Amino acid sequence: MPPMAATALQQRHAAYGTSFVGALCCVAWLVWKHGLRRRKQALALSTSDIAGDDFVFGIGSLIECQSRLSSMSNPCRAAVRVLYNGDIFRGWHFRSSTGFTAIAGRRLSGSTNALSGVCFPAGTDMASLDARERGYHRVLLQCEHIDLVDSDRNCECDCAASGCTSNCFRGKVVGFAAHLQRAERFDATPPRIWIYLPDADSLQPATADFPICQTYIDVVLHGCLAWGGEQMAREYILSTDGWSPFWLNDAPQSRRPWLHRKPTWRKIDELLQAFTPLTHFDQRCHSEEYAAVARERQSLLIRKNHRSNSFTTRPRRPSMDTIAVLPALERLNGFVEPVSPRGQRRLNRAASDKFTMKM
């Protein structure tokens with residue numbers, strides 16, 4: 001073949017190849033554009049059902065499905081795990097009127113905190129949730145501060161087992177998740193997202209009379225383990241402020257935890273113990289032990305051993321019951337005032353007399 005003819009043939013093949021590649025690119029672009037249009041239509045359909053709906057952002061006991069559904073008439077457990085980036089942080093600072101301290105959110109102006117939890121539709125149960133969260137008030141959150149977190153349980157709904165087929169929340173939850181994933185979600189009508197924050201008169205830390213309760217911790221961390229495994233439980237413990245040595249193990253038969261605590265009690269205790277400097281896990285007391293500590297607290301405040309014009313009585317010798325609860329008291333840092341050297345010798349002598357009587 002002459003050189004000029006070969007060159008012309010090569011040019012023709014190159015032109016055909018370029019045309020073929022260009023055609024493929026055009027087809028691929030059309031397919032992508034058609035798929036994008038279909039996805040936008042699907043997102044628009046799914047999010048149109050949640051416009052103006054009420055969703056609740058749970059950061060405490062509302063994370064756990066069983067606890068949440070106990071206050072709702074609809075048995076659907078569908079929800080999504082989310083992360084709120086704003087001026088709210090979580091801690092043990094809600095004083096319940098029933099005598100314990102619970103977890104609650106608290107605003108801190110000028111700060112940004114990552115707060116994990118779950119969002120679920122309230123449906124017709126908003127009044128019931130308000131009654132459950134007595135001592136709290138509802139606050140509306142900005143949707144742009146909430147991000148969806150991938151979780152195997154997102155939008156999960158076992159309608160056959162829970163009986164919520166006739167009034168299933170899964171469609172709303174799927175639409176809510178799609179709304180959070182949309183790049184142009186802020187142009188659409190957003191759902192209303194609420195969080196419960198404590199009233200000013202309920203904002204108190206844990207004390208001896210209002211301790212942290214083990215059964216409450218079990219509910220919260222059991223929900224964290226179900227939604228995000230050990231990672232979410234660890235993050236939850238570390239991001240919660242206000243852990244206190246006033247910790248009551250109020251579970252029935254607490255010395256046999258496999259009977260009445262959550263099935264995940266062993267993992268919960270391992271996680272709490274791993275963060276002992278923060279959680280004060282080593283100062284947790286059983287009910288009978290904690291009751292003895294609270295009863296003897298005032299009697300162990302040894303007065304200064306010196307005479308003054310106002311001195312009318314001599315310091316009372318501690319009872320044998322007081323000596324018996326000293327080990328429990330020693331585990332509560334700051335629970336008992338320091339004892340003077342003379343008072344300490346008196347306690348040691350009483351303990352020695354008790355040991356001699358036993359011999």
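Two strands pair if DSSP finds at least two bridges between them. The exercises below apply this to a predicted model.

**Exercise 1.** How many bridges join strand S3 (residues 88-95) to S4, and do the strands run parallel or antiparallel?

*Solution.* 
Step 1. Count the bridges: S3 and S4 are joined by 7.
Step 2. Arg-90 stands opposite Gly-105 in S4, and Trp-92 stands opposite Ile-103 in S4.
Step 3. Look at the hairpin of S3 and S4: 5 residues lie between the strands, and Gly-99 has a positive phi near 105°.

**Exercise 2.** In which sense do S3 and strand S10 (residues 240-241) pair?

*Solution.* 
Step 1. S3 and S10 pair over 2 bridges, in the parallel sense.
Step 2. Find a partner: Gly-91 is bridged to Asp-241 in S10.

**Exercise 3.** How many residues of S3 and of strand S4 (residues 101-107) are buried?

*Solution.* 
Step 1. Take the cut-off: buried means under 20% relative accessible area.
Step 2. In S3, 7 of the 8 residues are buried, so the strand is largely enclosed by the rest of the structure.
Step 3. In S4, 5 of the 7 residues are buried, and the strand is mostly covered.

**Exercise 4.** What distance does helix H5 (residues 170-181) reach from its first C-alpha to its last?

*Solution.* 
Step 1. H5 has 12 residues, and 16 Å is expected at 1.5 Å a residue.
Step 2. The helix reaches 17 Å, close to that expected value.
Step 3. Check burial: the buried residues of H5 include Val-173, Phe-176 and Leu-180.

Key:
Residues numbered from 1 in each chain as written. Predicted model: local features only at pLDDT ≥ 70, side-chain atom pairs only at ≥ 80, totals over all residues. Heavy atoms only, no water. Helix = DSSP H or I, 4+ residues; strand = E, 2+ residues; numbered from the N terminus. Expected span 1.5 Å × (residues − 1). Buried < 20%, exposed > 50% of the residue type's maximum accessible area, 1.4 Å probe, protein only.
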